[in-house]
Each structure stands twice: as structure tokens, then as C-alpha cells.
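User: I have a structure here and would like to go through its labels one by one. Could you set each value against its cut-off for me?

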Amino acid sequence: MHRFVRFFFLVPAMCLAVSSYAAHGQQLVTVEKFQWTDAVDRGTRQYGQIFASPVRTKELYCWVQLKGSPELLEKLRNTPDGKYFIRHEWYRYGVDRVSADLNVGIPLSIGREEDLDKLSYEVDAKGYFYWRVWSGKKRLSRGWWRVDIVDHSGEILQCPGDKGTRPCSFDIRVQ
């Protein structure tokens, strides 16, 4: 069965190396919010209808809001190409195994000076900045799917949880 994958990016979007830590031991970026959704509005960068498992759809998006530290903003300013990498890795659970249906880095970057200036204002006001990214899959087959949000080294990012942090790995069943 032929599957098509589409990635949707913010303009401009951003690459993040989330396993890198600032000097004081905090992550440079964390996943603040996650949603399964049917669409993402490019203008507002907000998700559409929220989905919970199980879903009856052939098109699904993984929407994530990231929280960046002042140290990350400084790294972005000092990186020649302004790129740090994360991936949304899509997996489909098989009968006996998990198979990687998609394992592609999402080339997200902040490279334009005016974008960095806007983020600087946000960091000055709040002490951090938010960024929203998403990836999508069309023509989903039935079964259990998982998206891991990983950094450039293949480590799964940490998400806030009820008792500290937990891996940013999200499951959903498609019927």
C-alpha cells in the first residue's frame, strides 16, 4: 500500500536540539503541549479539532508547542545556519512488532533576524519563548500508531507529566 507523508512547517520554523542542556542543567527546549488534530491553521498556527483514541480518519496531524529557553535563543543567534534538529518519528504497530513507517528529520529552522528579534522580545517579557510545529500523515491505515518526538541524537524528548517528566511518545488507534 502506497502511503503519502506531508510535513507542515511554521514559516519560519525551527530546528531544536533538545538533548542539549544549558549551563545550569536545564533543557534548552521542552514540549509544553501536544495534540492529535485533524488540521492546523497556518495563519494562527493553532490546531483544529482535537482527536483522542480511537479515531476514524485517514488524515492526522501531530501538533506540538515548544518552550525555548533564553540559552536556546542565544544558540540560535550564534549558529551560522540557525538550525537545530528534532524529528517526529511515526510508527505503526504491527502484529508482532513496531515498524518505522516514517523516520525523517523535520528541517525546522529560525534563520531570519526579524524572527530572532521577535523571540527576543518574548524572552525579555516572559523569560522564554513559544514555538509551534507539526507534522502530518495522510492515508493512515488502521491500527495503533505512535509518534516519538526525538532530538538529533535519537533521544526522546521529555514532556511534562503528573509526576515530573515523561517521554514524549504518543499513541493513537486508527479505526
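Analyst: Gladly! Let's start with burial: a residue counts as buried under 20% relative accessible area, as exposed over 50%, and as partly exposed in between. Trp-63 has 1% relative accessibility, so it is buried. Keep in mind that this is a predicted model.

User: What makes Ala-52 exposed?

Analyst: Ala-52 has a relative accessibility of 56%, and the label exposed applies over 50%, so Ala-52 counts as exposed. The residue sits in the loop between strand 5 (50–51) and strand 6. Pro-54 belongs to that loop between strand 5 and strand 6 too, and the peptide bond from Ser-53 to Pro-54 is cis, with omega near 0 degrees.

User: Why is the link between Cys-159 and Cys-168 called a disulfide?

Analyst: The sulfur atoms of Cys-159 and Cys-168 are 1.8 Å apart, and a pair of cysteine sulfurs within 2.5 Å is a disulfide. The S-S torsion is about 125 degrees, so this disulfide is right-handed. Cys-159, at 3% relative accessibility, is buried, and Cys-168, at 0%, is buried as well.

User: How do you know that Cys-62 is in no disulfide?

Analyst: The nearest cysteine sulfur to that of Cys-62 belongs to Cys-159 and is 9.4 Å away, while the rule asks for sulfurs within 2.5 Å. Cys-62 has a relative accessible area of 0%, so it is buried. The search of the whole structure finds one disulfide.

User: On to the rings. Why is the pair of Phe-34 and Phe-170 called stacked?

Analyst: Six aromatic pairs are counted here. For Phe-34 and Phe-170, the ring centres are 3.6 Å apart and the planes lie at 5 degrees. Centres within 6.5 Å make a pair, and planes under 30 degrees apart count as stacked, so the pair of Phe-34 and Phe-170 is stacked. Phe-34 is in strand 2 (residues 29–37) and Phe-170 in strand 13 (residues 169–174), so the pair ties together parts 136 residues apart in sequence. Both Phe-34 and Phe-170 are buried.

User: What makes the pair of Tyr-47 and Trp-63 edge-to-face?

Analyst: The angle between the planes of Tyr-47 and Trp-63 is 70 degrees, with 4.7 Å from centre to centre. An angle over 60 degrees counts as edge-to-face. Tyr-47 lies in strand 4 (residues 46–47) and Trp-63 in strand 6 (residues 59–68), 16 residues apart.

User: How do you know that Lys-67 sits over the ring of Tyr-128?

Analyst: The charged end of Lys-67 is 4.2 Å from the centre of the Tyr-128 ring, against a distance cut-off of 6 Å. Arg-45 lies over the face of Trp-131, 5.8 Å from the ring centre. At 23% relative accessibility, Arg-45 counts as partly exposed. Its phi is positive, about 60 degrees, although Arg-45 is not a glycine.

User: Last one: why are helix 1 and helix 2 called roughly antiparallel?

Analyst: The axes of helix 1 (residues 70–78) and helix 2 (residues 113–126) cross at roughly 160 degrees and come within 11 Å. Angles over 145 degrees count as roughly antiparallel, so helix 1 and helix 2 get that label. Helix 1 passes helix 2 in a left-handed crossing.

Notes:
Residues numbered from 1 in each chain as written. Predicted model: local features only at pLDDT ≥ 70, side-chain atom pairs only at ≥ 80, totals over all residues. Heavy atoms only, no water. Buried < 20%, exposed > 50% of the residue type's maximum accessible area, 1.4 Å probe, protein only. Helix = DSSP H or I, 4+ residues; strand = E, 2+ residues; numbered from the N terminus. Lys NZ or Arg CZ within 6 Å of the ring centre and 35° of its normal. Axes fitted to C-alpha atoms, helices over the stretch in contact; angles between N-to-C directions. Parallel < 35°, antiparallel > 145°, perpendicular 65-115°, else oblique. Left-handed = near helix turned anticlockwise from the far one by under 90°.
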